[in-house]
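Colleague: Please take me through this structure feature by feature, with the general idea before each case.

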Amino acid sequence: MSDLKRLKPGKRMSQGVIRGDLVYLAGQVAEKAAGRSVREQTAEVLAQIDALLAEAGTDKTRIMMATIYLADIATFTEMNSVWDTWVVEGATPARATVQAKLVTPEYKVEIAVVAAI
C-alpha cells in the first residue's frame, strides 16, 4: 500500500487515489449547488476537480478520461455549455457521457476523471 497515496480519504471512499503517475478521482457531485441547475452543478464539480488535481500535482490539461453521469440526458447541452468553456482546446480528454440515476434527486451531474501527473 506504500505505492498508493489517497486524497481526502474517508470512511467509505477517498476523493482520489494516486498510483505511479496516474490519479483516479472519485465521481464528484455538487454539494453547494445541489438541487440547482445542471449549469451551476457542473461549474461546482469542475472546480472541485481542479482543486483535487492541483492537490495531486497535476491539472485539467492532463486528464486522459472523463466519465460524466447526467440524471437527465436532456441536460447534455446545458452541461456542455460549462464543460466547453472549462476544457483546454487541444488538451481535451477521451470522454463518455451517460444518463444514470444518481444517489439523490438533488444531484443532476457527477463527473469522474483519470489524469496523468
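Modeller: Let us begin with Trp-86, which counts as buried because its relative accessibility is 10% (buried is under 20% relative accessible area, exposed over 50%, partly exposed in between, with a 1.4 Å probe and protein chains only). The model is predicted, so local features need pLDDT of at least 70 and side-chain atom pairs count only at pLDDT 80 or more, whereas totals for chains, interfaces and linings use all residues. Residues are numbered from 1 along each chain as its sequence is written, and side-chain values use heavy atoms, without hydrogens and water.

Colleague: Is Trp-83 buried or exposed?

Modeller: Trp-83 counts as buried, because its relative accessibility is 5%. Trp-83 and Trp-86 are three residues apart in helix H2, so about one helical turn separates them (helices, H or I of at least four residues, and strands, E of at least two, are DSSP runs numbered from the N terminus).

Colleague: How many aromatic pairs does a search of the whole structure find?

Modeller: A pair of aromatic rings is described by the distance of the centres and the angle of the planes. The search of the whole structure finds one pair. The ring centres of Trp-83 and Trp-86 are 5.3 Å apart and the planes are at 50°, so this pair is tilted (rings of Phe, Tyr and Trp, its six-membered ring, pair with centres within 6.5 Å; planes under 30 degrees apart are stacked, over 60 edge-to-face, the rest tilted).

Colleague: What sits over the ring of Trp-83?

Modeller: The charged end of Arg-95 does, 5.1 Å from the ring centre (NZ of Lys or CZ of Arg must be within 6 Å of the ring centre and within 35 degrees of the ring normal).

Colleague: Which residues of H1 meet H2?

Modeller: Val-38, Arg-39, Thr-42, Ala-43, Leu-46, Ile-49 and Asp-50 of H1 meet H2, where the partners include Trp-83 and Trp-86 (contact means heavy atoms within 4.5 Å).

Colleague: Where does Arg-62 lie?

Modeller: Arg-62 is in the loop between H1 and strand E4 (63-70). Arg-62 is partly exposed, because its relative accessible area is 39%. Arg-62 and Ala-115 are 53 residues apart in sequence, yet 5.3 Å apart in space, C-alpha to C-alpha. Apart from residues up to four places away in sequence, Arg-62 touches Val-114, Ala-115, Ala-116 and Ile-117.

Colleague: Which residues is Ser-14 in contact with?

Modeller: Ser-14 belongs to strand E2 (residues 14-19) and counts as buried at 15% relative accessibility. Leaving aside neighbours within four places in sequence, its contacts are Arg-6, Leu-7, Lys-8, Pro-9 and Ala-26. Lys-8, in turn, is placed in strand E1 (residues 4-9), and its phi is near 50°, a positive value in a residue other than glycine.
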